[in-house]
Amino acid sequence: MITLNVNGQPHQVDVAPDTPLLWVLRDTLQMTGTKYGCGQALCGACTVHLDGAPARACTLPVSAVVGRKITTIEAVDRQRVGKAVQDAWRKLDVVQCGYCQSGQIMSAVALLSEKRKPTDADIDKAMAGNLCRCATYVRVRAAIHEAAKALA
């Protein structure tokens, strides 16, 4: 048994230590907000927070996250920054197909948690690892600026 701290709650899971965190979240804990994209930590669809920092859950063995705080899209709005980001996403209608958006939001929250007034260059750098096939990048950037204004 492995005990994980997910969204502030302890969860005991009976999985192999090398099982990727993504599959534990989705299949074992039924938290399906975190998406599978490329399976190689290249697209960012599987982004979660580990101790507040963005991490790719698709290649991260569950044994590597024991004792760390895991936050998923299901709980990100419990934080002021997460709520501001999700509100901005809704206000500016960022989502097109939506598949990558949970990862986009997790990366945006990590950025705004570190830097409350990011420049376009800061946003581009922070979001570079999150790919969107619908090309919502302009709306994502605008929503991050909108969330930053709400947090000021």
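1. Asparagine 130 touches Cys43, Gly44, Thr47, Arg56, Gly103, Gln104, Ser107 and Tyr137, leaving aside residues up to four places away in sequence. The model under discussion is predicted. Within it, asparagine 130 is found in the loop between α4 and α5.

2. With a relative accessible area of 2%, asparagine 130 falls under the 20% cut-off and is therefore classed as buried. A polar atom of the asparagine 130 side chain lies 3.2 Å from the backbone oxygen of glycine 44; Gly44 is also among the residues that asparagine 130 touches.

3. The crossing of α4 and α5 is right-handed.

4. On the α4 side, the contact is formed by Asp120, Ile123, Asp124 and Met127. The residues they meet in α5 are Val140, Arg141, Ile144 and His145. By class, the contact of α4 with α5 comprises four nonpolar, one polar and three charged residues.

5. A separate point concerns histidine 11, which lies in strand β2, residues 9-13. Not counting residues up to four places away in sequence, histidine 11 touches Ile2, Thr3, Leu4, Val6, Leu29 and Met31. The C-alpha atom of histidine 11 is separated by 19 Å from that of arginine 78, the two residues being 67 residues apart along the chain.

Conventions: Residues numbered from 1 in each chain as written. Predicted model: local features only at pLDDT ≥ 70, side-chain atom pairs only at ≥ 80, totals over all residues. Heavy atoms only, no water. Left-handed = near helix turned anticlockwise from the far one by under 90°. Helix = DSSP H or I, 4+ residues; strand = E, 2+ residues; numbered from the N terminus. Contact = heavy atoms within 4.5 Å. Nonpolar A, V, L, I, M, F, W, Y, C, P; charged D, E, K, R; others polar. Buried < 20%, exposed > 50% of the residue type's maximum accessible area, 1.4 Å probe, protein only. Polar contact = N/O pair within 3.5 Å; in protein donor to acceptor, adjacent residues only side chain to side chain.
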